Amino acid sequence: MRSLTHTTRGSGRSDRRVRLPDLRSDVAASLVVFLVALPLCIGVAVASGVPAELGLVTGIVGGVVTGMMRGSSLQVSGPAAGLTVLVFEAVRSFGLPALGVIVLLAGLLQILMGALKWGRWFRAISLSVVEGMLAGIGLVIIAGQLYAAAGLPAPASGLAKLAGLPGALVKALDSTAALASVAVAAGTVLVVAGWRRLPRAARAVPGALVAVVLAAAATWLFDLPVATVRVGGVLDAVRLPGADSLAALADVALLGTVLAFALIASAESLFSAAAVDRLHAGPRTHYDRELVAQGVGNTVCGLLGALPMTAVIVRSSANVQAGARTKASRVLHGVWLLLFAAFLPAALTFIPLAALAGILVHAGWKLIPFRAVATLWRTHRGEALVLVVTAVAIVAVNMFEGVLIGLVLSLAKAAWDASHLRIDRTDDGQGPVRVQISGTVTFLRLPKILDALEALPHDRPVELDLSQVHHLDHACRTALEAWAARHHPAGAEAVRLHAVPDDTRTPDRPPAPSTAPH
């Protein structure tokens, strides 16, 4: 109880009074998170091509089941826009009944990775790959939801979505119903984007919820020809894995999708946890436990045939900013979702699909790290290239292969950086010739180094600066010493060495002198 109490020393009073402020804060925060999560749960489900109720089921499990577990105290889980593209592709390829099996196996794989303490290794994934993945997802979401905003069917692939946008615009301009739908979606985006500019008191109510309510009210009052959410019973939407679904496990492609679900959901959750930890001063995330918690949640979602879950930064940051102090806030937000699904599911039938499309267009836009790309281009263009290529690959190919391309490219860049060598020569015509070698100096680069050194004038002393060398292997050190011995200018001091790396000294060899007179 120590983390939940703030008693003074010597106090014999009960914990109950001390914990009441925490409980009040958590209840208030849970209501805010519930209002943020409700439209997102529905919108992500619709965009994924599954019944809206399954989004609520995943939100409930994320709050009540994952929220109870140890790992991250203030992070909130549920259906995420970041998995929308992957879920849509899985449902299209294997059918809705197979979704539960895929999510179930992905959850079990997450539990296994957490038990093996692999959670911390997800932090080793290049941030450029993760941001590129989110950017690619954002682009595909925006392209797909622009069709939904006009009430038109969207093409299957990301490139086809982008290529078909001009034709979709022409069709929308010729249809009154499509124009009405686009107007509802545009109004939703404007409300969500502009809501954060209002005074703080107004922003206590989430902008996405206000936008959905206004869109529903406008559709009802003006009798707009706009499609709305279709709702059955929540229990009717739950699909337990059956024999037909289990038979799909023989498909190797399905197992690849399971791996993609597990890896991408885990990476997104743990990167979100790192971001949430920077927002508060409470207990830090235990990554392996959080990975197990995510796995348990996805296992339950899979058994119920629902959407996969991941930690969601939007809900988590709303939870922290609303004053949450313990994990009770995220559990209670799941309870509110459960009560809504049990007693008010019919309210969903008033929500226009165009409004949900507008919310997802805004969410997709926020996934694209425009500032990060600009900053990386100025400082680390290689990382910017990895980010852009990953995003383009996801749009052009698919989610899983696009991420793999990004990972391979990031590894290739790391290998290049590790082996990169630079030789700078400065010669003012008088005095010694200055040569600086920077990077990693190994025997693979020895021909280049010796060619550069042999090209130096033999009648001038040389200052060889190795202060920027990260590593100098034994072969290169021996070759440099041999070259220094051969270099005989007309003077006592032939070669001056600066800052030879310490890690190149061998046990039986003393440090090299700073000068080598000949």
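This is a short walk through one predicted model, from the whole chain down to single residues.

Ground rules, quickly. The model is predicted, so to speak of a local feature I need pLDDT of at least 70, side-chain atom pairs count only at pLDDT 80 or more, and totals for chains, interfaces and linings use all residues. Residues are numbered from 1 along each chain as its sequence is written, and side-chain values use heavy atoms, with hydrogens and water left out.

Start with the whole chain. It has 21 helices and seven strands. Both are DSSP runs, numbered from the N terminus: helices are H or I with at least four residues, strands are E with at least two. The C-alpha trace spans about 95 × 75 × 55 Å along its principal axes. Of the 518 residues, 46% are buried. Buried means under 20% relative accessible area, exposed means over 50%, and partly exposed is in between, with a 1.4 Å probe and protein chains only.

Now the strands. β3 covers residues 421-426 and pairs with β4 in the antiparallel sense, over six bridges. Pairing here requires at least two DSSP bridges between the two strands. Thr426 stands opposite Arg434 in β4. The two strands form a hairpin, with six residues between them. Look at Gly429 in that turn: its phi is positive, about 90°.

β4 has another partner. Strand β4, residues 433-441, pairs with β5, residues 462-472, in the parallel sense over eight bridges. Val433 has Val462 as its bridge partner in β5. Between the two strands the chain runs through helix α20, residues 446-454, and this β-α-β crossover is right-handed. That is, with the strands pointing away from the viewer, the path from the first strand over the helix to the second runs clockwise.

Just after α4 comes Lys117. Most residues other than glycine have a negative phi. Lys117 has a positive one, near 60°. It sits in the loop between α4 and α5, and at 47% relative accessibility it counts as partly exposed. Asp223 also has a positive phi, about 50°, although it is not a glycine. Its loop runs between α9 (207-221) and α10 (234-237). Asp223 is exposed, at 65% relative accessible area.

On to the second largest pocket. Its volume is about 770 Å³. The closest lining residues to its centre, of 45 in the lining, are Val46, Ala47, Phe88, Gln145 and Ala148. Which helix gives the largest share of the lining? That is α5, with six residues. Helices that each supply at least two include α1 (15-47), α8 (176-195) and α16 (353-367).

How is that pocket defined? On a 1 Å grid over the protein atoms alone, a pocket is an open set of points where a 1.4 Å probe fits, with protein on both sides within 12 Å along at least five of seven lines; lining residues have an atom within 4 Å of a point. Points join across faces, edges and corners, and the volume is the space filled by probe spheres set on them.

Last, the cysteines. Cys41 is buried, at 0% relative accessible area. Cys301 is buried as well, at 0%.
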